[in-house]
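Hi,

Here is the structure I said I would pass on.

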Amino acid sequence: MLKQHIKTHFNSNLDKATIHQSPFQYLYYENVFPVNFYNDLITSLPNSPVYNPYAKERPGGNNFPDRFIINLNEKIEALSSSWEIVRSVLQNRSTQITLMSKFQETTDLQMSKDNIFETDAILIRDKTNYELSPHTDHPRRMVVLIIYLAKSDEYQHLGTSLYTPIKPGLTCNGHWHHPRSQFNRVYTAPYKPNSALAFLKTNNSFHGVESVPEDEERNLIHFFIKVPND
């Protein structure tokens, strides 16, 4: 019953979130999980030694020595039962459909129940000096959901930023990261407790992270819906 309640809450609030059209389609909303459950997640965030260096886990990870992750696609014994519920909610087909249906550019073909997509979920800890220059995300990713696991409202500046290119018409398929000097930062999704940012991956969905200040850290979940490898 608890798992079903959390899944219903998660999908209901995601479904009600407002879509913004500029600089590209995105949504930002709060109250992602029930408050008591969110508090359980925060108190059960694992200690740093449980995380693996991003460089060891993902291709190209050597470029991000200040990012550490736990793969939520598989059961992790070191995590509490609350994280098993999170994993179940994110991998549920209804969550996938709810997230995809938020974006107008998601076609009927993509929404077909016969069309199978891959999902990817990782728990992330970004430490001092972590930064991510403007990019549009990997070409296989269709929709990106970033859930903030902030402990207070104190560090709202640590949210993900959205950018527009100074050069009109600049696009990117997602294989490269670009110099900040070529972009204007137009919005930063506040890094607030129990909030989330989601967007449709396109060739102009430029986003990134400003450098994490000394002695600060970001805790978050990345969830992706991806096109399967051929």
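Below are my notes on the sheet, the pockets and one proline.

This is a predicted model, so to speak of local features I needed pLDDT of at least 70, and side-chain atom pairs count only at pLDDT 80 or more, while totals for chains, interfaces and linings use all residues. Residues are numbered from 1 along each chain as its sequence is written, and side-chain values use heavy atoms, with hydrogens and water left out.

Sheet first. Helices (H or I, at least four residues) and strands (E, at least two) are DSSP runs, numbered from the N terminus. Eight strands make an open sheet with antiparallel pairing, in the order S1-S2-S10-S7-S12-S5-S4-S3; two strands pair if DSSP finds at least two bridges between them. At the edges sit strand S1 (19-20) and strand S3 (52-53), each pairing on one side only. S5 and S12 run antiparallel and are joined by nine bridges. Arginine 125 has asparagine 219, in S12, as its bridge partner.

Helix H1 (residues 2-16) packs on the sheet, where it touches strand S2 (26-30) and S7; contact means heavy atoms within 4.5 Å. The direction of H1 makes about 130° with that of S2. Helix H4 (residues 81-91) lies across S5, S7 and S12, at about 30° to S12. Axes are lines fitted to C-alpha atoms, for helices over the stretch in contact, and angles run from 0 to 180 degrees between N-to-C directions.

Now the pockets. On a 1 Å grid over the protein atoms alone, a pocket is an open set of points where a 1.4 Å probe fits, with protein on both sides within 12 Å along at least five of seven lines; lining residues have an atom within 4 Å of a point. Grid points are joined across faces, edges and corners, and a volume is the space filled by probe spheres set on the points.

The largest pocket has a volume of about 710 Å³. Of its 31 lining residues, Tyr54, Pro59, His138, Arg141 and His177 are the closest to the centre. S12 gives the most to this lining, with five residues. The second largest pocket comes to about 150 Å³, and its lining includes Tyr155, Tyr191 and Asn219.

Last, proline 65, in the loop between helix H3 (54-57) and strand S4 (67-71). Proline 65 is exposed, with a relative accessible area of 55% (exposed means over 50%, with a 1.4 Å probe and protein chains only). Its C-alpha atom is 6.6 Å from that of alanine 55, ten residues apart along the chain.

Cheers

Methods. Buried < 20%, exposed > 50% of the residue type's maximum accessible area, 1.4 Å probe, protein only.
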